[in-house]
Amino acid sequence: MPGTRLTGTILLDGADIRTPHIDPPLLRKRFGWVAQKPDPFPWSIYSNIVYGARLHGTLATRSEGDELVEHCLRRVGMWDEVKDRLDEPGTSLSGGQQQRLCIARAIGYQPEVLLMDEPASALDPHATALLEKLIDELSRNFTIVIITHNTQQAARVAQRVAMFHLGRLVEVGDADAIFVNPRHGATRAYITGRFG
């Protein structure tokens, strides 16, 4: 984008994802995205979930779509809640359900990495607890990268933590080590609530 400056590297399987020879559509297929605020498409629950798989050409028949929708909705704990209203708009769901629908949509084409930007910031405590349980379950099959300012949430769900301050990576390590004995003063100050 014009006026944008990027520095550093982002490695996926040891390769920098910003090198010019990487095909952007193939790279994007490796990532699923869950935004801060639930953002279901203004289509049916069913269409929200099959969208990515159709876009990437991995669905051949309606029955494959039906299986994918049921599988993804079961993964996010919503099948019993919506199985009789798959033709209703995804936007008709509650906020917590919309966020779980967006996660179902993101895992529908089997990405390697799920990127989540403050996924619980717009949710109530009950929906947040459901989301954190879901993140724990999904972490068995996906690499999940969560951006959060909520240190308690990070302590509950993270295995590894990276602390950024003013655009710079300050510290990275196992969650237990970071939260119990941070090495950097900025990390220590943030975790203890002295700033942020």
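In what sense, parallel or antiparallel, do β3 and β4 pair, and over how many bridges? In this predicted model, in which local features need pLDDT of at least 70, side-chain atom pairs count only at pLDDT 80 or more, and totals for chains, interfaces and linings use all residues, β3 and β4 pair in the parallel sense over four bridges. Residues are numbered from 1 along each chain as its sequence is written, and side-chain values use heavy atoms, with hydrogens and water left out.

Helices (H or I, at least four residues) and strands (E, at least two) are taken as DSSP runs, numbered from the N terminus, and two strands are treated as paired if DSSP finds at least two bridges between them. By these criteria β3, β4 and β5 make up an open sheet of three strands, in the order β3-β4-β5 and with parallel pairing. Its edge strands are β3 (31-34) and β5 (143-147), each of which pairs on one side only, and the twist averages 15 degrees from one strand to the next. Helix α5 lies across β3 and β4 and runs at about 170 degrees to β3, where axes are lines fitted to C-alpha atoms, for helices over the stretch in contact, and angles run from 0 to 180 degrees between N-to-C directions.

Burial is expressed through relative accessible area, with buried meaning under 20%, exposed over 50% and partly exposed in between (1.4 Å probe, protein chains only). In helix α2 (residues 45-55), the buried residues are Ile45, Tyr46, Asn48, Ile49, Val50, Gly52 and Ala53, and the elements that cover them include α3 (62-75), α4 (79-82) and α5 (95-107). The axes of α2 and α3 come within 9 Å and cross at roughly 105 degrees; because angles of 65 to 115 degrees count as roughly perpendicular, whereas those under 35 count as roughly parallel, those over 145 as roughly antiparallel and the rest as oblique, α2 is roughly perpendicular to α3. With contact defined as heavy atoms within 4.5 Å, Ile45, Tyr46, Ile49, Val50 and Ala53 in α2 meet Arg62, Gly65, Asp66, Leu68, Val69, Cys72 and Leu73 in α3. Just after α2, glycine 57 adopts a positive phi of about 70 degrees.

A nonpolar core is here a set of buried Ala, Val, Leu, Ile, Met, Phe, Trp, Tyr and Cys residues joined through side-chain atoms within 4.5 Å. The largest such core has 31 residues, of which Ile45, Ile49, Leu73, Leu86 and Ile103 touch the most other members, and the elements that give two or more residues to this core are α2, α3, α4, α5, β4 and α6. Apart from it lies another core, of five residues, among them Leu12, Ile17, Phe31 and Val113. When neighbours within four places in sequence are left aside, isoleucine 49 is in contact with Leu68, Val69, Cys72, Leu73, Leu101, Ala104, Arg105 and Gly108. In helix α6, threonine 128 is likewise buried, with a relative accessible area of 13%, and touches Ala120, Leu123 and Gln153 when residues up to four places away in sequence are not counted.

With a disulfide defined as a pair of cysteine sulfur atoms within 2.5 Å, the count comes to zero. Cysteine 72 is in no disulfide, the nearest cysteine sulfur, that of cysteine 102, being 13 Å away, a separation too far for a bond. Cysteine 72 is buried, at a relative accessible area of 0%, and cysteine 102 is also buried, at 0%.

Glutamate 118, which is not a glycine, has a positive phi of about 45 degrees; glutamate 118 is found in the loop between β4 (113-117) and α6 (125-138) and counts as buried at 11% relative accessibility. Leucine 166 has a positive phi near 55 degrees, is placed in the loop between β6 (160-165) and β7 (168-174), and counts as exposed at 78% relative accessibility.
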